[in-house]
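Here is a short briefing to read alongside the model. Keep the viewer open and follow the topics one by one.

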Amino acid sequence: MSMSSPRLNRRDFLTLAGAATLAAPFIGRARAAEPVRIGEINSYSRIPAFTLPYRNGWTLAVEQVNAAGGVLGGRMLEVISRDDGGDPGQAVTAAQELVAGNGVHALAGTFLSNVGLAVADFAAQRKTLFLAAEPLADAMTWEKGNRYTFRLRPSTWMQATVLAREAARLPAKRWATVAPNYEYGQAAVARFKSLLQELRPDVTFVGEQWPALFKLDAGATVQALEEAKPDAVFNVLFGADLPKFVREGSLRGLFENRTVVSLLTGEPEYLNPLGAEAPEGWIVTGYPWYDIDTPAHRAYVDAYKKRWNEDPVLGSLVGYNTFSALAVAFQAAGSTDPEALVKAFKGLTFSAPIGDITFRAADHQSTMGTWVGRTAVRNGKGVMVDWTYVDGTDLLPPPETAASWRPAEAAPAQ
């Protein structure tokens with residue numbers, strides 16, 4: 001294990017934790033009783049379909065770590081969670097209270113990109129480690145990246161890249177797009193258009209629709225897309241907007257003889273509510289947990305089902321991976337000092353249910369990948385079929401390129 005690229009799996013860090021406990025004197029063990037506190041912030045009331053299973057996922061990870069002896073010589077993980085209501089101001093207020101009032105050693109979570117960016121800015125100002133779990137904005141690790149912020153989930157760039165590659169194989173030449181009008185939607189469309197036109201110079205974009213987030217006028221949007229007469233549609237809608245779009249588009253014939261390429265739609269959070277109405281044949285990113293047949297993933301699914309008596313969704317996996325990574329990072333850092341945590345996270349590799357994931361030192365983005373496939377209906381439920389898992393390493397720009405897109409990293413205060 002090199003100092004520049006620390007790698008600890010769950011077994012490694014629990015072995016180290018046990019050894020440290022046995023070797024420590026009585027006073028050291030007494031001091032180690034103080035928990036390692038993590039402040040967790042997310043949009044539980046705004047986006048429950050993703051965030052409540054996400055909370056179940058991180059709760060399972062924390063329980064497993066603590067049952068195995070905790071970290072740093074026997075210190076338990078303690079999570080203090082707050083609901084940001086999907087509002088950046090509320091999120092920053094919660095972060096302030098967690099750091100100043102509760103003395104947390106790190107921050108984690110957030111869902112919406114604007115919320116995550118606000119917490120990342122706060123973390124940089126307060127020199128507090130922040131592991132962004134879900135927000136997809138490319139700016140999180142590039143244009144607005146900072147020393148103290150890392151991200152787990154594959155970014156907008158990564159997911160739009162894998163879909164643009166799939167789209168380039170289609171005969172479609174005339175494309176239309178529909179996306180929520182905020183950071184995530186704008187970046188997804190920009191990346192998709194740029195890469196698709198690079199791969200296929202004969203492609204043109206004949207229409208764009210930009211509904212406000214979660215305020216889709218489905219009838220007007222579908223009509224406008226139909227009037228553009230595209231060969232294919234790139235869709236970035238999610239949450240409550242997606243079922244409206246699917247139902248109205250199906251009713252008006254928008255999807256007949258047209259391919260739809262759709263970001264996130266293969267995630268169970270969004271397919272499950274559609275039931276038998278789920279679209280068939282869309283090219284999507286998602287999470288086909290039901291067909292991932294590896295020992296590590298089966299063990300995770302079994303543990304999740306046993307603990308919560310429900311099937312996992314992508315939010316569950318994101319929550320589990322986020323707090324598994326934090327546990328490994330604290331152990332690798334050897335302390336709760338934020339500067340030590342930053343150094344530990346740079347190049348850190350940890351073992352997840354879907355395989356090893358690394359946080360790149362160059363831009364603090366993890367290499368957690370994404371599944372790409374097509375939608376289908378199986379036993380009255382929407383699923384992903386013909387899918388492939390694409391490792392995040394294959395979807396990111398070279399480290400030196402990504403590093404050049406980040407602001408100069410300020411040296412820590414002495």
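Ile283 stands opposite Arg374 in S13, within a pairing of strand S10 (residues 283-286) and strand S13 (residues 370-378) that is antiparallel and runs over four bridges. Strands here are DSSP runs of type E with at least two residues, helices are runs of H or I with at least four, and both are numbered from the N terminus; two strands pair if DSSP finds at least two bridges between them. This is a predicted model, in which local features need pLDDT of at least 70 and side-chain atom pairs count only at pLDDT 80 or more, while totals for chains, interfaces and linings use all residues. Residues are numbered from 1 along each chain as its sequence is written, and side-chain values use heavy atoms, with hydrogens and water left out.

**The mixed sheet**

- S10 and S13 belong to an open sheet of seven strands with mixed pairing, ordered S7-S6-S8-S9-S10-S13-S14.
- Its edges are strand S7 (204-209) and strand S14 (381-390), each of which pairs on one side only.
- Ignoring direction, neighbouring strands of this sheet are turned by 25° against each other on average.
- S13 also pairs with S14, in the antiparallel sense and over eight bridges; there, Trp371 stands opposite Tyr389 in S14.
- S13 and S14 form a hairpin with two residues between them, and Asn379 in the turn has a positive phi of about 55°.

**The parallel sheet**

- Another open sheet has five strands in the order S2-S1-S3-S4-S5, and its pairing is parallel.
- Strand S2 (77-83) and strand S5 (149-151) stand at the edges with a single partner strand each, so one side of each has no neighbour in the sheet.
- Strand S3 (residues 106-109) and strand S4 (residues 130-132) pair in the parallel sense over three bridges, and Gly109 has Ala132 in S4 as its bridge partner.
- H3 packs on this sheet and touches strand S1 (36-42), S2 and S3, where contact means heavy atoms within 4.5 Å.
- The direction of H3 makes about 165° with that of S2; axes are lines fitted to C-alpha atoms, for helices over the stretch in contact, and angles run from 0 to 180 degrees between N-to-C directions.
- Helix H4 (residues 88-101) lies across S1, S2 and S3, at about 170° to S1.

**Helix H3 and its partner H11**

- The axes of helix H3 (residues 48-67) and helix H11 (residues 295-308) come within 11 Å and cross at roughly 105°.
- H3 and H11 are therefore roughly perpendicular (angles of 65 to 115 degrees count as such).
- Pro53, Asn56, Gly57, Thr59, Leu60, Glu63 and Gln64 in H3 meet Ala303, Tyr304, Arg307 and Trp308 in H11.
- This contact involves five nonpolar, four polar and two charged residues (Ala, Val, Leu, Ile, Met, Phe, Trp, Tyr, Cys and Pro count as nonpolar, Asp, Glu, Lys and Arg as charged, and the others, Gly among them, as polar).
- Just after H3, Gly69 takes a positive phi of about 115°.

**Aromatic pairs**

- There are 25 aromatic pairs, counting rings of Phe, Tyr and Trp (its six-membered ring) whose centres lie within 6.5 Å.
- Tyr184 and Phe238 form an edge-to-face pair, 5.7 Å centre to centre with 80° between the planes; planes under 30 degrees apart count as stacked, over 60 as edge-to-face and the rest as tilted.
- This pair links distant parts of the chain, 54 residues apart: Tyr184 is in helix H7 (residues 183-199), and Phe238 is in the loop between strand S8 (232-235) and helix H9 (241-252).

Key: Parallel < 35°, antiparallel > 145°, perpendicular 65-115°, else oblique.
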